[in-house]
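Please look over the model below, first as a whole chain and then at two of its residues.

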Amino acid sequence: GKRPPAPPAPPPFSPGVECSEECVYTNDNLCDDGGPGSEYNECSWGSDCSDCGKRPPAPPAPPPFSPGVECSEECVYTNDNLCDDGGPGSEYNECSWGSDCSDCGKRPPAP
C-alpha cells in the first residue's frame with residue numbers, strides 16, 4: 001500500500017505574534033506579562049508565553065505628552081468631579097492651572 005501524504009508542515013512562527021520565555025517567571029502557571037488575563041505585570045509583553053499564551057503585537061505606547069499642554073494631578077482635590085484649577089469652566093480656584101486634569105481636562109499653557 002501507498003502511504004498517505006505527510007500533513008503540511010506548520011507555518012513558521014506567525015509574524016505579528018509576541019511569544020518568548022524571557023520573563024524570569026515563566027512556567028509558574030501564572031501569567032506575568034501584564035496583558036489581558038495576567039495575574040502580574042512583572043515582565044514585558046509576550047515574554048511569558050508558556051503561562052500567558054501568544055500575544056498580538058504589543059499595544060503602541062501612548063504618544064509622549066503633547067508639548068504646550070498642562071495636565072497633572074498635583075491638585076489636592078483631583079478626581080472629585082469638580083474642576084479646581086481656576087481655568088475656564090472650573091468650579092473653584094484652589095489649585096494651580098492644569099493641576100486638576102482628571103476634573104478640568106487638558107489645559108493650554110498657562111496664560
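Among contacts (heavy atoms within 4.5 Å) between residues at least 6 apart in sequence, 37% join residues at least 24 apart. This is a predicted model, in which local features need pLDDT of at least 70 and side-chain atom pairs count only at pLDDT 80 or more, while totals for chains, interfaces and linings use all residues. Residues are numbered from 1 along each chain as its sequence is written, and side-chain values use heavy atoms, with hydrogens and water left out.

The chain has two helices and zero strands; helices (H or I, at least four residues) and strands (E, at least two) are DSSP runs, numbered from the N terminus. Of its 111 residues, 24% are buried, where buried means under 20% relative accessible area, exposed over 50%, and partly exposed in between (1.4 Å probe, protein chains only).

Ser-99 lies in the loop between helix H1 (49–52) and helix H2 (101–104). Is this residue buried or exposed? Ser-99 counts as buried because its relative accessibility is 2%. Leaving aside residues up to four places away in sequence, Ser-99 touches Ser-72, Glu-73, Glu-74, Cys-75, Thr-78 and Asp-85. The side chain of Ser-99 also reaches the backbone oxygen of Ser-96, at 2.6 Å.

Pro-109 belongs to the segment after H2. Its relative accessibility is 44%, so Pro-109 counts as partly exposed. With residues up to four places away in sequence not counted, Pro-109 touches Gly-68, Glu-70 and Trp-97. Pro-109 and Val-69 are 40 residues apart in sequence, yet their C-alpha atoms are 5.5 Å apart in space.

Conventions: Polar contact = N/O pair within 3.5 Å; in protein donor to acceptor, adjacent residues only side chain to side chain.
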